[in-house]
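Please walk me through the salt bridges of this protein. I would like to know which residues take part and where they sit.

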Amino acid sequence: MCAFRKFLPMFDRVLVERLAAETVTKGGIMLPEKSQGKVLQATVVAVGPGAVNPKGSVLPVSVKVGDKVLLPEYGGTKVILDDKDYFLFRDGDILGKYVD
């Protein structure tokens, strides 16, 4: 069983796995680690049930498992599960999702 299947985010939090940084340019030139930009794209691997509004009803999370999303440059909480890095963001902090 995968680590993120054992972990359920609380409230409106979303667990994501960042996409790997490009290590080679389109022309085939190897990029040093310092030159690689921060990856702002990620795949959603787990979502919480949603936030509770003042009236007590649950507001569902706007993304689902498997969605490709755009993250802010800063923020998120790093979580290590089975020696792999994941990040927790609030649903409202996610900038957008990619659609096919």
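**Salt bridges along the chain**

Asp12 is buried, its relative accessible area being 15%; buried means under 20% relative accessible area, exposed over 50%, and partly exposed in between (1.4 Å probe, protein chains only). This is a predicted model, in which local features need pLDDT of at least 70 and side-chain atom pairs count only at pLDDT 80 or more, while totals for chains, interfaces and linings use all residues. Residues are numbered from 1 along each chain as its sequence is written, and side-chain values use heavy atoms, with hydrogens and water left out.

A salt bridge is a side-chain nitrogen of Lys or Arg within 4 Å of a carboxyl oxygen of Asp or Glu. By this rule there are five salt bridges.

One of them joins Asp12 to Arg90, with 3.2 Å between the closest N and O atoms. The pair links distant parts of the chain, 78 residues apart: Asp12 is in the segment before strand S1 (13–18), and Arg90 is in strand S7 (residues 84–90). Strands (E, at least two residues) are DSSP runs, numbered from the N terminus. Arg90 is partly exposed, at 39% relative accessibility.

Another salt bridge is formed by Lys97 and Asp67 (3.7 Å, N to O). Lys97 belongs to strand S8 (residues 96–97) and Asp67 to the loop between strand S4 (58–59) and strand S5 (68–70), so the pair ties together parts 30 residues apart in sequence. Asp67 is buried at 10% relative accessibility, and Lys97 is partly exposed at 42%.

Asp85 forms a salt bridge with Lys78, the closest N and O atoms lying 3.4 Å apart. Asp85 is partly exposed, with 36% relative accessibility.

Technical notes:
Helices (H or I, at least four residues) and strands (E, at least two) are DSSP runs, numbered from the N terminus.
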